[in-house]
Amino acid sequence: MSNLVLRHLRKSFGSVDVIPGVDLDISDGEFVVFVGPSGCGKSTLLRLIAGLEDATSGDIQIDGKSVVDVPAADRGVAMVFQSYALYPHMTVRENLSFGLENIRMPKAEIEQRVSHAAKLLQIDKLLERRPKQLSGGQRQRVAIGRAITRDPKIFLFDEPLSNLDAELRVLMRVEITKLHERLGNTMIYVTHDQVEAMTMADKIVVLRGGVIEQVGAPLDLYNNPKNTFVAGFIGSPRMNFVEGAVRAEGGSGAFVSPDLPSLDLAGRSIPASIDQVTIGIRPEDFDVSTEPGNGWPATVEVLEQHGANSYLHCTLPGRRMLLIHQAGQSSARRGDILYVAPREGLFHLFDGQGLAIRPSPRAQVLR
Amino acid sequence: MADSSMTNQRQGLGSFLFARRGRKRLALSDILTYAYLLLGVVIMFGPVAWVVLSSFKTPASLQEFPPTVLPYATESVALDGFNAPLPLYDVTMEDGEIRRMAQVRRVGLNAQMVDPENPAAERVTVPAASTEPVRRVHFAVENYTKLLSNSGSDIWRYVFNSLFITVVATAITLIMNSMAAFALSKYRFRGSNAALMAILATLMIPATVVLVPTYLIVAQLGLVNNLWGVILPTVATPTGVFLLRQYMLTIPDELIEAARMDHASEWRIFWRIMLPLSAPALAVVAIFSILSRWNDFLLPLVVLSRRESFTLQLALASYQGENVIHYDQLLAMTTLTALPLAGAFIFLQRYITAGVASTGIK
């Protein structure tokens, strides 16, 4: 019904290339999340798609038609703004119907669309209120409702949950996901919160400096990050990185680093030695033992007990930080020395440029 | 004078005026604050109250020295056998008794008095020095009635002229200034800063300097003695543009973008989004405009020379041009002239505090 294609899309402000060139295909009905640190150009990319910014060069196609010169209102997209951008002097009803009045839609149809959207979002009791009299979550619903009444081909969300408190954010996350299932429209969602990205997306687009680092399904990015940036960005808490070298020893290999005992890289074939390597290990992928053996000695500095989970902030020799996750409640104490090693095959190797050295472990090893 | 205005205020504003810093006792800062505030009330409100009270005085009591705070009139009594009402006096008799008597006439240092209870009785001659006029507070409303009836339809013509100029000029000012402010605050275009600077730079040129050129233009347009000749030169004000622009900068761009995605034309964005949201700033600009248009004297003086097109301010000034200055009517007219402004202030006042606070212009 409505797919979106970006071709060599470029945007520069003066001499600054905010987006040096993006190619992306989004198929119909997909929930796509643009994620990246602040200033990575994800909002600019969304505004380019919305038509609120003019592209410097390149093309945007919706349903195979170039819309790069079409005004924002006529592109068939609707946007939910970070600040919601509700008209403060209008009631909820007027907010929802303003766009429809502007295209001179018959009153009856406006009424029908507004009440439909209001019922869908459970704001039908708030229609006569003004935005000031609504809570954050209700405003959020109204903003989404305003997009729904326009019946767009593509929904655009610009960090819509960032103004809500943590509890409400979880709720709205579920609701937006449900909404996507019910409406079936293509949705593009911008966030800097990788948890939102992981939980909501069909497809995640990781951006850095206006460049797409990796595109893929959430678990695909989690299990097979292309580079250290994606590896570090996707997953919370962050992946641990230690720099060193890999020595090949007859098919298998060992990771060596100054001040650290060498680490057997079990579960993966290492054909040749590599001088400059970063090993990445997710906090939950450690085998922890209190007995010295094959593993790095990690001194517990801070212990976070979350009840169901425990996080151990440790230091390795050479003042390197290491974060370890343990399911359940940990019996470790501050100052304890733990011996930690990655579980078999559950580690990532990156070369000197930070690119992943394939094959990555989870392609071969399944838990 | 000042005392009366202060006591009035104190009753009206009750507990608010007795608020103080210390819980129970009056702190030094309270005393200083109140003294300072009272001084402000006296300085600002005193002259206004003086004019209003004086406008109710008879010509005689206006000339009086020392002047009184409240308007007084000598009491008089109509007696049989006398054509005109006779003024009443308290007369101190030789034996020290004080009697209220009506004065028939005054001859030199003596006055002829008659007992108002018994007008047929013999007249008494007493020294004028021992008489004291009986006076009571009297609001000479006749100042106003005389003013409104004497000049006939003229005064209503002046009122109409002033109202027309004020209302029309303010309406055009609001529309023109807010449109300029919208462009300067929300559109990115080459030279927007230069345009703003140019607009603000005109603030540095005194109005009197451009008076003659303005008149020449008005004359060329054939608008001399036409009310539009006063309206048109004043509709674009740099302060208004600046004030509105600063306010509109605080309206988030996302609202405009949302409206744009909602198929709203730029005109509709201006009309349905920007104008309603800048209401507080518009109220401030409206007040400034009403104030200056209503009180404007110089430009109407130059442009309007026929009596039919006079504004109230011009009519007020022309009262002084005649041989006799009718201070009583002049004061009544001044009070009448100031009334609409007070009304406008009371109506728009709630916007002003909000507007001034949010535009950051003090």
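**Exercise 1.** Which residues of the largest nonpolar core touch the most other members?

*Solution.* Begin with the conventions: this is a predicted model, in which local features need pLDDT of at least 70 and side-chain atom pairs count only at pLDDT 80 or more, while totals for chains, interfaces and linings use all residues. Residues are numbered from 1 along each chain as its sequence is written, and chains are lettered from A and ligands numbered from 1 in the order in which they are written.

Next, a nonpolar core is a set of buried Ala, Val, Leu, Ile, Met, Phe, Trp, Tyr and Cys residues joined through C-beta atoms within 7 Å, where buried means that 20 or more other C-beta atoms, placed from the backbone, lie within 10 Å of a residue's own. The largest such core has 126 residues, and those that touch the most other members are Val33(A), Ile49(A), Leu156(A) and Ile188(A). Helix 12 (residues 279-295) of chain B gives the most to this core, with nine residues; helices are DSSP runs of H or I with at least four residues, and strands are runs of E with at least two, numbered from the N terminus.

**Exercise 2.** Find the order of the six strands in the open sheet of chain A, and its edges.

*Solution.* Two strands pair if DSSP finds at least two bridges between them. The order is 6-7-8-3-9-10, with mixed pairing, and the edges are strand 6 (77-80) and strand 10 (211-216) of chain A, each pairing on one side only. Strand 9 (residues 203-208) and strand 10 of chain A are antiparallel over five bridges, and Arg208(A) has Val211(A) in strand 10 as its bridge partner.

Key:
A residue is buried if 20 or more other C-beta atoms lie within 10 Å of its own, exposed if 12 or fewer, and partly exposed in between; C-beta atoms are placed from the backbone.
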